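Subject: Structure handover

Dear colleague,

I am passing on the structure that we spoke about, and I would be glad if you kept it open while you read the notes that follow.

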Amino acid sequence: MAKYDKKRIGELIDGTLEFYQLKDMMTSHKDPERFEIYREVLQDRVSWDDPILLPYGLHLYIVQKANGDRIVKCDCGHEFCDYRENWKLQARIFVRDTEEKMNEIYPKLMSPDPEWQVIREYYCPSCATQLEVEAVPPWYPIILDFEPDIDTFYNEWIKKPLPTVK
Ligand SMILES: [Zn+2]
């Protein structure tokens, strides 16, 4: 039996829990249904039907397509690519690489030196939501943050069947 219902997990995602509730949740045993409820709450919040396999950031998910593909998808419905490829290469990228662009977000003289560090902002091409921000040296490659082992997660960690296309 799950200790927390969808309403409570939704509040966890929204950050609207009282601290004592959050502390209780963090310090108690994780009930085995927790991930499934979390996944269902996320699924209820998107307008499309592709089953969410894993959340992949604040607005991104790895979803199961009917043809067997597992792709990265934005909550607006924009589909990026296979989850093993780098979705960032298909995002709109804004690079803050001058003092002028830095000063849009930093006070004057408080910004990083763009010769040494730039800020890359990644946006969804469809809904323009900011998906990721990274501060890196200018020559740094656009790296894939992580490549989860989805099958191991379901089969060995949470021991649940993978969500399937209805
Ligand atoms: Zn989007």
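Which residue in β6 is the bridge partner of arginine 92? Before the answer, please keep in mind that this is a predicted model. The partner of arginine 92 is tyrosine 123, and this pair belongs to the part of the structure where β5 and strand β6, which covers residues 118-123, are joined in the antiparallel sense over 5 bridges.

These two strands belong to an open sheet of 3 strands, with antiparallel pairing and the order β5-β6-β7. Because β5 (92-96) and β7 (130-136) each have a single partner strand, they stand at the edges, and one side of each is left without a neighbour in the sheet. If direction is ignored, neighbouring strands of this sheet are turned by 20 degrees against each other on average.

There is also an open sheet of 4 strands, in which the order is β1-β2-β3-β4 and the pairing is antiparallel. Here the edges are taken by β1 (52-55) and β4 (79-82), each of which has a single partner strand, so that one side of each has no neighbour in the sheet. From one strand to the next, the twist averages 30 degrees. Strand β2 (residues 60-64) runs antiparallel to β1 and is joined to β1 by 3 bridges; isoleucine 52, for example, has valine 63 in β2 as its bridge partner. Helix α3, made of residues 34-45, packs on this sheet and touches β1 and β2, with a direction at about 100 degrees to that of β1. Helix α5 (residues 150-157) lies across β1, β2 and β3 (70-74), and it runs at about 100 degrees to β1.

The next point is the metal site. The zinc ion is coordinated at 2.3 Å by the SG atoms of Cys74, Cys76, Cys124 and Cys127, and along the chain these donors follow the spacing C-x1-C-x47-C-x2-C. The arrangement is tetrahedral, because the 4 donor atoms subtend angles of 106 to 113 degrees around the zinc ion, and the cut-off for this term asks that all angles lie between 85 and 135 degrees.

As for how the cysteines are placed, cysteine 124 is buried, with a relative accessible area of 2%, whereas cysteine 127 is partly exposed at 30%, and cysteine 76 also counts as partly exposed, at 36% relative accessibility. Finally, the structure holds 0 disulfides; a disulfide is a covalent bond between the sulfur atoms of two cysteines.

Note on methods:
Residues are numbered from 1 along each chain as its sequence is written. This is a predicted model: local features need pLDDT of at least 70, side-chain atom pairs count only at pLDDT 80 or more; totals for chains, interfaces and linings use all residues. Side-chain values use heavy atoms; hydrogens and water are left out. Two strands pair if DSSP finds at least two bridges between them. Axes are lines fitted to C-alpha atoms, for helices over the stretch in contact, and angles run from 0 to 180 degrees between N-to-C directions. Contact means heavy atoms within 4.5 Å. Donors are N, O and S atoms within 2.8 Å of the metal (3.2 Å for Na, K and Ca); water is not among the atoms, so sites may look incomplete. Four donors count as tetrahedral if all angles lie between 85 and 135 degrees; four count as square planar and six as octahedral if opposite donors are over 155 degrees apart and all others between 65 and 115; anything else is irregular. Buried means under 20% relative accessible area, exposed over 50%, partly exposed in between (1.4 Å probe, protein chains only). A disulfide is a pair of cysteine sulfur atoms within 2.5 Å.
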